[in-house]
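Reader: Take me through one part of this model in close detail. Keep it brisk, and give me the cut-offs as you go.

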Amino acid sequence: MQKESSGYRLYRNGQPYFIKGAGGYTHYERLKEMGGNSVRVWDTNDADRVLSQAQELGLTVMLGIWLTREKENFDYYNQEAVRALKERIRRDVLSYRNHPALLMWCIGNEMDLGTANVRAWRVIDDIAAMVHELDPNHPTTTAMNIIQPDKIRLLKNQCPNIDILSVNRYGGLSTLAEDIQKAGWEGPYIITEYGPPGYFEKWTVTEWDAPIEFTSAEKAQFIRSRYRSAIIGQSSHCLGGYAFYWGQKQECTPTWFSLFLETGEKTEVADMLQYLWSGRWPANRAPHLVSMRLTNKDNVTSNRLFPGETYSATVLVQDSEGDSLRYHWEVLPKSNWEELDGSVDREVKPTPVGNVLLRNNSATIELKFPVVPGPYRLFVYVYDGKGSVATANIPFYAESVSQTTGVQ
């Protein structure tokens, strides 16, 4: 990394290197095909495979050094625990420091959430200093969530051995450069996670406070706008970014951040990333979901279902190649993401609700009232048969009262 007259630039093997990356553990061949050049992983648990596969494909790796936050019961004043932590990290650095796919070390992920004391940040700096001593050839960074003056002062004052600021930012990506400047960071930065507005941001919610997810088409357009303005448009200080999530994971829903399905189909967001990274669209593009409606309502914040009724849902999808489309619908109860308090890796997809869909293979279906009242989501997956899919869901609330009598 070098400071130049126009700002900062990352170099690799003597050549300028702008990160066109994604975070995840799978589909690396497709990342390469789509014009990406780097992957981010959050820990070293599968580092041998990740680094080797990346090297075979000509990709680089931002290798994570996982640190447990205070709220997850790690005591940074416990000298023995910290000593064991540093020894584990020392072994990892010695194991991977000379791997040709290694790009840099990311020490911790969102340690500013749930880590209040200064001692934790001093440990982060001790680790960064140790990494520099063992591996002077790769820079260090740490991924933060909150960019405010007090957080940046803490990082600058307590962690001088952190070379590059990294930020995970979703809905507020368009203001990130301004936020970083106001917070007092003058150096380079990387966007270590970006994607559509997160469920935790609650951009739009239902009457019962369920976050509303963008459709796959809305996510693609959101990424297009934010990537151009907040990443390419800020390249004097922004060294690139990592889209989230390159694969499939359950996080509030099975589709919120997933760029692929479990069965491997790519979404329109993946197509958009290919266009942004390479300037070319894939030969066969994902279906474009124009709209989805439940109970003939355009307002998705107030879908309430009542006992004894049958409801309709419909989806409108376009396919640029005219492929024959297949529709799959399912109803899921609310996930337990709020109870997990940020420990999203422990979240699993809820079991689909049975005996509520009267038809499940067309653009219009009928939906019966679930047996158990409460919050649900109606999902639709539209497959083109060529390896792509469109996705959307609408939250609804199954009421325990009669619509006509209002009796509990």
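Author: Two strands pair if DSSP finds at least two bridges between them. Helices (H or I, at least four residues) and strands (E, at least two) are DSSP runs, numbered from the N terminus. The model is predicted: local features need pLDDT of at least 70, side-chain atom pairs count only at pLDDT 80 or more, and totals for chains, interfaces and linings use all residues. Residues are numbered from 1 along each chain as its sequence is written, and side-chain values use heavy atoms, with hydrogens and water left out.

Start with the pair β6 and β7. Strand β6 covers residues 38–41, and strand β7 covers residues 60–65. They run parallel, joined by four bridges. Arginine 40 has methionine 62 in β7 as its bridge partner.

Next come the helices. Contact here means heavy atoms within 4.5 Å. Axes are lines fitted to C-alpha atoms, for helices over the stretch in contact, and angles run from 0 to 180 degrees between N-to-C directions. Helix α4 (residues 118–134) packs on the sheet. It touches β7, β8 (102–109) and β9 (140–144). The direction of α4 makes about 165° with that of β8. Helix α6 (residues 176–183) also packs on the sheet, touching β10 (164–168) and β11 (189–194). The direction of α6 makes about 135° with that of β11.

Eight strands close into a barrel, with parallel pairing. The order is β5-β6-β7-β8-β9-β10-β11-β12. Neighbouring strands of this sheet are turned by 25° against each other on average, direction ignored.
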